[in-house]
Amino acid sequence: MALASRIALITGAASGLGRATAERFARLGGRVALVDLPSSEGAAVASGIGSNAIFCPADVTSHADVRALLAATRLVHDLHARQDWCLCCALTCVSCCAGCR
C-alpha cells in the first residue's frame, strides 16, 4: 500500500505500537506528526525516521496540551491542505482530531 502524500498524526508515537505505526507509515511514503510526552524519545524517533516526520511533544490527557498540539500541527495541515488520519496509539486521549470527538 503506497501512502505517498498522505498525512497522519500519531499519538503514543515514541514507542511500541505508535512508533511502529509511524515508522511504517513513513517507510511507505507518508508524512507523520509523532505525538508523545515531552519527556519521551519522540524527537529521536522522528529524527531516525527522517524528513517525513516531525515530533510534536504533548500530553494527550491534557486539554491545554492538545490545543497546543493542534496549533503546532496546523502548519502540516496548512502546507498540505489536509490531515488524512489521526491514529491514537496512546493509552488515553482527550480528542486530538475531529474524528475522535
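**View 1. E41 sits in the loop between strand 2 and helix 2.** Helices (H or I, at least four residues) and strands (E, at least two) are DSSP runs, numbered from the N terminus. E41 is exposed, with a relative accessible area of 54%. Exposed means over 50% relative accessible area, buried means under 20%, and partly exposed lies in between (1.4 Å probe, protein chains only). E41 and F55 are 14 residues apart along the chain, and their C-alpha atoms are separated by 9.5 Å. This is a predicted model, in which local features need pLDDT of at least 70, side-chain atom pairs count only at pLDDT 80 or more, and totals for chains, interfaces and linings use all residues. Residues are numbered from 1 along each chain as its sequence is written, and side-chain values use heavy atoms, with hydrogens and water left out.

**View 2. Helix 2 has a buried side and an exposed one.** Which residues of helix 2 are buried? They are G42, V45 and A46. These residues lie on the same side of helix 2 because they cover an arc of only 95° around the axis. The arc is that of the directions from the helix axis to the C-beta atoms. S47 and G48, on the other side of helix 2, are exposed. The buried residues of helix 2 pack against helix 1 (16-27), strand 2 (31-36) and strand 3 (53-57). After helix 2 comes G50, with a positive phi near 115°.

**View 3. The largest nonpolar core has 11 residues.** A nonpolar core is a set of buried Ala, Val, Leu, Ile, Met, Phe, Trp, Tyr and Cys residues joined through side-chain atoms within 4.5 Å. Its members are L3, A8, I10, A13, A22, F25, V32, L34, V45, A46 and A53. Strand 1 (7-11), helix 1, strand 2 and helix 2 each give two or more residues to this core. Another core, of nine residues, lies apart from it; C56, V60, V66 and L70 are among them. A53 is in contact (heavy atoms within 4.5 Å) with V32, L34 and A46, leaving aside its neighbours within four places in sequence.

**View 4. The elements of the protein run β-α-β-α-β-α-β from the N terminus on.** That comes to three helices and four strands. Confidence is given as pLDDT, the predictor's confidence in each residue, from 0 to 100. Helix 2 (residues 42-49) has the highest mean pLDDT among the elements, 97. Strand 4 (residues 85-88) has the lowest, 59. The protein averages 79, and 70% of the residues score at least 70.
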